[in-house]
Number of protein chains: 2
Amino acid sequence: MNTKIILNDDVYKIVRHVGLDAVMDEMISDLTAAMIGFDHEKYTIPVRQGFQYSKPDPGLLEWMPILAADTQITVKIVGYHPLNPEVHKLPTIMSSLYTYDMATGHLSTIVDGILLTALRTGAASALATKVLAKTDSRTLGLIGCGAQAVTQLHAISKVVDLDKVLIYDIDPAVSKTFISRTRFMDHRDIELIESDLAHLVGSADILCTQTSVGVNDGPVFDDHGLQPWTHINAVGADMPGKTEIPNTVLNRSFVCPDFLAQAVEEGECQQLSRDAIGPELVEVVKNSKRYESLRTGNTVFDSTGWALEDHVAMELIKRYADELDLGVSLPIECVSIDPKNPYDMVSRSPGDGVGESTAKA
Amino acid sequence: MNTKIILNDDVYKIVRHVGLDAVMDEMISDLTAAMIGFDHEKYTIPVRQGFQYSKPDPGLLEWMPILAADTQITVKIVGYHPLNPEVHKLPTIMSSLYTYDMATGHLSTIVDGILLTALRTGAASALATKVLAKTDSRTLGLIGCGAQAVTQLHAISKVVDLDKVLIYDIDPAVSKTFISRTRFMDHRDIELIESDLAHLVGSADILCTQTSVGVNDGPVFDDHGLQPWTHINAVGADMPGKTEIPNTVLNRSFVCPDFLAQAVEEGECQQLSRDAIGPELVEVVKNSKRYESLRTGNTVFDSTGWALEDHVAMELIKRYADELDLGVSLPIECVSIDPKNPYDMVSRSPGDGVGESTAKA
């Protein structure tokens, strides 16, 4: 009764072996398939809950569980600590994913969620962009150039024929390094340009916001000069009070949340009354033809993070790990030989464990 | 940035090295200290939530988080699958515990929760028994003789000078094996006797119920012949509709829940109006003198499981593991060298991970 742990080096091996582009392509196509086939009867996805605190530094730790198709439960535990890069040289968003077998409650798999969260958040924006942006969009604007911006650009470049990317970060040092951080995309013919905010907002066919703006400090740009067709992926809002998009933009746009019940608590939808909010992304993806006419107007994807995305990402990385025979299998749970005797280890010989270690690390 | 994983064999080594009695003694004394020093300002403990399902078999998977003293967050994920022993040869209650660093969101420790849950549930009943049972109690009655009964008996034997234990299980085969499962207690002079239910209920100074009774199938004994001083530890109720104690007993007893907000949803307190429920155990432990007069009447500890108990159990096992240099340290999180570059593994050489593996398994 072992638990498979996919170590960070296993994830790195997978990405190097499969290739970044192929991983993102598969993430997008798996998420598309999961949304098209999504059935509310088969999944239970509660609104995430968590702890929000100001000591030792401002932060958030949340749990995002999903019960999938009567067979397994995936739980992501995710932290948001905006001072991490500066103070601890760590990513703002750190997380881990766990899979439990619904038949027994056995912890079957553990894997990192930092990379998977960045990948799936990019993939979700790619899906929204694919169904809501003007089909001849060429210019992408990125507000906030941290880790999430890398996968936003990567994912959107997979579904839109971009020729120009305008970038802006409140910290000019961060927008500078963004160019070197996206060198993996050099084979595509996309021009990356540091821009002032007004020019970026006025030029973007597609706009992505992924900032660490403080609670009640939004929006992150002014409603001035935005093109009447711009599609926005609003990625940063993920806690009560944190929003990035001007209220006036939201009010004249078709706003499509990833997860309505959560978006009204933590997303841009905090700023809207219920009747001003459109259907969830899954509905638009399932019926994309029905929503086609929206492409010529302003649209906003309110991305707060949906556990289905994490479930799909975890299944993808598990499949790769299986194919490449990666991961270590370790016995964590104290499963007695007699399930009614929690103390039977005292009568067993040392090493006579039920689950034998098959570590390959 | 590694995660310490305390493997099941590490837990077994700890228990063998320290000794079952010493582990339980320390668990009880640490929990006592934690309750006496408990400060509502320092901890945040939400009511647990989870998934309850009937396919593939009846089950429950819940998450129990606790934010402790502004430094760490412990999350227990716990499954309850009553068919596990019969169908899968696994414990009914399976679980795992995770510790997160509040400064960064880093996953610092993973450990089994099966043994720790059994230990801490026993310890909580011991505390309740110590403050609420008649001081000259000598006879313990156990209804339900599964895994939790082992630690109930063990823990209570630490705080009460027992001379007789009456046992009953709806499955006679289970009460039979209970005697062999508690042989570790042979050095104590306690007589273990299989009993019919009515005799057990009428003889017990202290009664513990830890059954897998079905939802809406309770109570597990009749209100007939109970001594007017009996203290009850009601351990089994842990989901809406599941209760073990007759309503009439509850109504004439001092009922003390571990966690009021949860007990009214999942515990015996489901059967009571708010004004019929006493203070939480932590209040009684803190002010035991004030509640001393209750010992001569009927008292019920409504134990649904409180995350503080899990936190204390995890800290204990972490301390033992540190002292004995046990556990493996493995890099799970994909922490990039540049926290703003989720993809930097593609530009790094294989093996050039940030966290190096120091597995000792």
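The following questions and answers concern a predicted model with chains A and B.

Reader: How do you know that chain A and chain B are related by a rotation axis?

Author: Chain A can be laid on chain B by a turn of 180° with a shift of 0.0 Å along the axis, and the RMSD is then 0.0 Å. The two copies are therefore related as by a two-fold rotation axis.

Reader: Which residue of chain A comes closest to the rotation axis?

Author: That is Trp63(A), whose C-alpha lies at 4.2 Å from the axis.

Reader: What makes you say that the same surface serves both copies?

Author: Of the contact residues of chain A, 100% recur in chain B. In all, 79 residues of chain A are in contact with 80 residues of chain B.

Reader: How much area do chain A and chain B bury between them, and on which atoms?

Author: About 7,600 Å² is buried between the two chains, with 70% of it on carbon and sulfur atoms.

Reader: Why is the pair Asp338(B) and Arg181(A) called a salt bridge?

Author: A salt bridge needs a side-chain nitrogen of Lys or Arg within 4 Å of a carboxyl oxygen of Asp or Glu. In this pair the closest N and O atoms are 4.0 Å apart, so Asp338(B) and Arg181(A) are counted as a salt bridge. Between chain A and chain B the count is two salt bridges. The count of residue pairs in polar contact between these chains, both at pLDDT 80 or more, is 23.

Reader: Which element gives the largest share of the side of chain A that touches chain B?

Author: Helix H1 of chain A, residues 8-18, gives the largest share, with six residues. By class, this side of chain A has 51 nonpolar, 17 polar and eleven charged residues.

Reader: Why is Asn233(B) called buried?

Author: Buried means under 20% relative accessible area. Asn233(B) has a relative accessible area of 0%, so it is buried. This residue lies in strand E12 of chain B, residues 231-234.

Reader: What makes the pairing of Asn233(B) with Thr129(B) a polar contact?

Author: The cut-off for a polar contact is a pair of N or O atoms within 3.5 Å. The side chains of Asn233(B) and Thr129(B) are joined at 3.0 Å, so the pair meets that cut-off. The side chain of Asn233(B) also makes a polar contact of 2.8 Å with the side chain of His231(B).

Reader: Which residues beyond its neighbours within four places in sequence is Asn233(B) in contact with?

Author: Among them are Ser125(B), Gln152(B), Cys208(B) and Phe301(B). Thr129(B) is in contact with Asn233(B) too.

Methods. Residues are numbered from 1 along each chain as its sequence is written. Chains are lettered from A and ligands numbered from 1 in the order in which they are written. Side-chain values use heavy atoms; hydrogens and water are left out. Copies are superposed by least squares on the C-alpha atoms of residues with pLDDT of at least 70 in both. Contact means heavy atoms within 4.5 Å. Buried area is the accessible area (1.4 Å probe) that two parts lose on being put together, summed over both. A polar contact is a pair of N or O atoms within 3.5 Å; within protein, one must be able to donate a hydrogen and the other to accept it, and residues adjacent in sequence count only if both atoms are side-chain atoms. Helices (H or I, at least four residues) and strands (E, at least two) are DSSP runs, numbered from the N terminus. Ala, Val, Leu, Ile, Met, Phe, Trp, Tyr, Cys and Pro count as nonpolar, Asp, Glu, Lys and Arg as charged, and the others, Gly among them, as polar. Buried means under 20% relative accessible area, exposed over 50%, partly exposed in between (1.4 Å probe, protein chains only).
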